[in-house]
Amino acid sequence: MSSRPPRHHDAASLFREHASFVANFLHRLGAGPVEVDDLVQEVFLVAHRRGGFIEDGRARPTTWLAEIAIRVASVSRRSRRRSREQPDQDTVTDASSRDVDPARAAETSEALDRVQAALDSLDPDRRAIFILFELEGEPCQSIAGAFDIPVGTVYSRLHKARKQFKEAHARMVERERRPVRAPARTPVMT
């Protein structure tokens, strides 16, 4: 077994390599488009205050940054609640070229909205693990190391998150499939 010396990542190199990951992760956690830039900045300020990341095999830089992002997003949500602001519920839009079929773009946007709403229905701990594993491809061992929890806890939360996500998504699809009934006509007396 070869032992590599731990590799140090300073906040600047972390930002260059992983800023888009952090922005996408925060958005998937439910941060609105207006606040994502500020939250990304806060994540990397925390990374700088912590002296960067030392890659020692327990976690990956992305899972370490995700752990910080979860805390930053949580503080932001509490702060918004205290100031009685309502969270921005902008929909996810399809960032595609101009020559895309409008009907297809609308379907894609609706599908993304359903996915985001299903993600929003998960509690924050499960949502973070689900996003990291299912959407970002992070291994469970790395997630466990970043959150300082047993790998079995990661598997358990992932299993429950998958089940909740499937159920929430299925409910939304079913709701959209139900026919909209026209109001009953009342006879007109002449």
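Is aspartate 120 buried, partly exposed or exposed, and what is its relative accessible area? Aspartate 120 is partly exposed, at 34% (buried is under 20% relative accessible area, exposed over 50%, partly exposed in between, with a 1.4 Å probe and protein chains only).

Welcome to these close-ups. This is a predicted model, in which local features need pLDDT of at least 70 and side-chain atom pairs count only at pLDDT 80 or more, while totals for chains, interfaces and linings use all residues. Residues are numbered from 1 along each chain as its sequence is written, and side-chain values use heavy atoms, leaving out hydrogens and water.

**View 1. Arginine 127 and aspartate 120 form a salt bridge.** Their N to O distance is 3.9 Å (a salt bridge puts a side-chain nitrogen of Lys or Arg within 4 Å of a carboxyl oxygen of Asp or Glu). Arginine 127 sits in helix α5, residues 124-135 (helices are DSSP runs of H or I, at least four residues, and strands are runs of E, at least two, numbered from the N terminus). Arginine 127 is buried, at 9%. Beyond neighbours within four places in sequence, its contacts include Arg28, Gly30 and Leu122 (heavy atoms within 4.5 Å).

**View 2. Arginine 50 meets glutamate 67 in a salt bridge of 3.2 Å, N to O.** Arginine 50 lies in the loop between α2 and β2 and glutamate 67 in helix α3, so the pair ties together parts 17 residues apart in sequence. Glutamate 67 is buried, at 6%, whereas arginine 50 is partly exposed, at 43%.

**View 3. Arginine 58 pairs with aspartate 148 in a salt bridge of 3.8 Å, N to O.** This pair links distant parts of the chain, 90 residues apart. Aspartate 148 is exposed, at 60%.
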